[in-house]
Amino acid sequence: MNKKLVAAALGLAFAAPVFADSSNVTLYGRVHQALDHQSTSSNAGDTGGNFALEDVSSRFGIKGQEDLGGGLSLVFGYEFSVSADNNTGVGGRHSYVGMKGAWGTFVAGKQDGGNESVAPLYTQASLTGGVSNQGGPLTTIGGGGAAFSNGIAIQRVQRTDNSFGYKTNIAGVAIEARHALTSGNNLDALDNDPATAGAQTGNNNNANNTPIKENGTRQTEVAATYKIGALTIGGGFNLFDQQGVDPTVAAQPERTVQGIAAYNFGSFTLAGLVAQTSLYGTNAANGEDSNSEYLLSATVPLSANSGLFGSYSDSERNNLVAPTELSQAQIAYYYDFSKRTRTYVGFNRLTNEVVATGAETDQDNFTIGLRHNF
């Protein structure tokens, strides 16, 4: 009997390391606020002119990884938004669980490109630069949602619910892919018409926000980016499967194709983006069946921790009830106190012109921001 007990004890001792805790969990976040002065001028007159203290995509999150052996790891994460200007409201940003190995990373959940989650076209477009990490009044690449409306010239779908994501690197080419089973909430990212936001038939952005499972707007996205020396080039597409939308009536997005390029000349970096979104059907107002976008930006380092950023972008929105052309110009200065703390000041002008009437509205933002990552 004693020999059997000793053998059992030895067996447990040798087996224990197989199940030893090899996971790690990290709590992280960002506090980011900006003092913004906004004014608007149009044929109807001037409005605004007041300062406002605004939250700029502050968040906190939990992420982790467990070594499963054999080069395989489990990865997971939750990230939440919080309003740092008034400490109210906690919302969802991303949540995922998946596997990671030499073959790449595969995750499932709500994804936006943060941590191990995937947002192919949005992440690729963001390589054109910016001072505020794509948030607040100095945003250059919009992440989608009705809240952006016509406030940003370049829009990409950032967050998708109920989606699978995969990313890897093959011979120096970074590849990202994502398939969303139902992502009707993000249809407004390309609709951008407050009068019709969330009203499209067949998506899951109805009044009570109840998903319609796989009968919403399914999306398949792929992007490939290659960096060789000072040159970065890439391209990608997003296919929108609009369930329940009559393509002869609704000029909704069918597919987006984009290309980006950037070159670091040493003393400055130039970057550009071109894209086109084909629409189901045509716009009755002008007969157009696609949207087009382009962006040109420059980043000029002034020292190891400071520099200037400038950009100009233009977008033709033919999916709106009233076709509109948006142009956006920005100039900003940034200073990094450390790897975690940045301050910046910048000016952004967005011009919104209704093509049919020529009516024009200019929105000016003068912004000072402070961001800290922890």
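How many bridges join E11 to strand E12 (residues 231–242), and in which direction do the two strands run? The answer is 12 bridges, with E11 and E12 running antiparallel. For strands to count as paired here, DSSP has to find at least two bridges between them. Helices (H or I, at least four residues) and strands (E, at least two) are DSSP runs, numbered from the N terminus.

Before going further, a word on the model. It is a predicted one, in which local features need pLDDT of at least 70 and side-chain atom pairs count only at pLDDT 80 or more, while totals for chains, interfaces and linings use all residues. Residues are numbered from 1 along each chain as its sequence is written, and side-chain values use heavy atoms, with hydrogens and water left out.

**Confidence**

pLDDT is the predictor's confidence in each residue, on a scale from 0 to 100. The chain has a mean pLDDT of 84, and 81% of its residues reach 70 or more. Residues 1–20 stay under 50, and the model gives them zero contacts beyond four places in sequence; a contact means heavy atoms within 4.5 Å. Residues 184–214 also have pLDDT below 50, but this stretch has 74 contacts in the model beyond near neighbours in sequence.

**Strands E10, E11 and E12**

Let us return to the opening strands. E11 (residues 217–228) also pairs with strand E10 (residues 173–180), through eight bridges and again in an antiparallel arrangement. Across these strands, Arg178 stands opposite Glu221 in E11. On the E12 side, Tyr226 has Ile233 standing opposite. The hairpin of E11 and E12 has two residues between the strands, and Gly229 takes a positive phi near 60° there.

Positive phi also turns up in residues other than glycine. Ala171, with phi near 50°, lies in the loop between E9 and E10. Its relative accessibility is 74%, so Ala171 counts as exposed. Ser57 has a positive phi of about 55° and sits in the loop between strand E2 (45–55) and E3. With a relative accessible area of 29%, Ser57 is partly exposed. The cut-offs are under 20% relative accessible area for buried, over 50% for exposed and partly exposed in between (1.4 Å probe, protein chains only).

**Aromatic rings**

The structure holds seven aromatic pairs. Rings of Phe, Tyr and Trp (its six-membered ring) pair if their centres lie within 6.5 Å; planes under 30 degrees apart count as stacked, over 60 as edge-to-face and the rest as tilted. Two of the tilted pairs are set out here.

| Pair | Centre to centre | Angle between planes |
|---|---|---|
| Phe60 and Phe80 | 5.4 Å | 35° |
| Tyr294 and Tyr312 | 6.4 Å | 45° |

Phe60 lies in strand E3 (residues 59–69) and Phe80 in strand E4 (residues 72–83), so their pair ties together parts that are 20 residues apart in sequence. Phe60 is partly exposed at 31% relative accessibility, and Phe80 is partly exposed at 27%. Together with Tyr78, Phe60 and Phe80 form one aromatic cluster.

For the other pair, Tyr294 belongs to strand E15 (residues 290–303) and Tyr312 to strand E16 (residues 306–317), so it ties together parts 18 residues apart in sequence. Tyr294 is partly exposed, at 39% relative accessible area, and Tyr312 is partly exposed at 36%.

A charge meets a ring as well: Lys63 lies over the face of Tyr28, 5.4 Å from the ring centre. The test for this asks that NZ of Lys or CZ of Arg be within 6 Å of the ring centre and within 35 degrees of the ring normal.

**Cores and a buried loop residue**

A nonpolar core is a set of buried Ala, Val, Leu, Ile, Met, Phe, Trp, Tyr and Cys residues joined through side-chain atoms within 4.5 Å. The largest one has nine residues, including Ala119, Tyr122, Ile154 and Leu273. Helix H2 (120–125) and strand E14 (269–279) are the elements that give two or more residues to this core. A second, separate core of eight residues includes Ala34, Val56, Leu138 and Tyr334.

Beyond four places in sequence, the contacts of Ile154 include Ile141, Leu273, Tyr294 and Leu295.

Gln158 is found in the loop between strand E8 (154–155) and strand E9 (160–170). At 11% relative accessibility, Gln158 counts as buried. Among the residues Gln158 touches, not counting those up to four places away in sequence, are Ala119, Tyr122 and Arg178. Gln158 and Leu121 are 37 residues apart in sequence and 8.1 Å apart in space, C-alpha to C-alpha.
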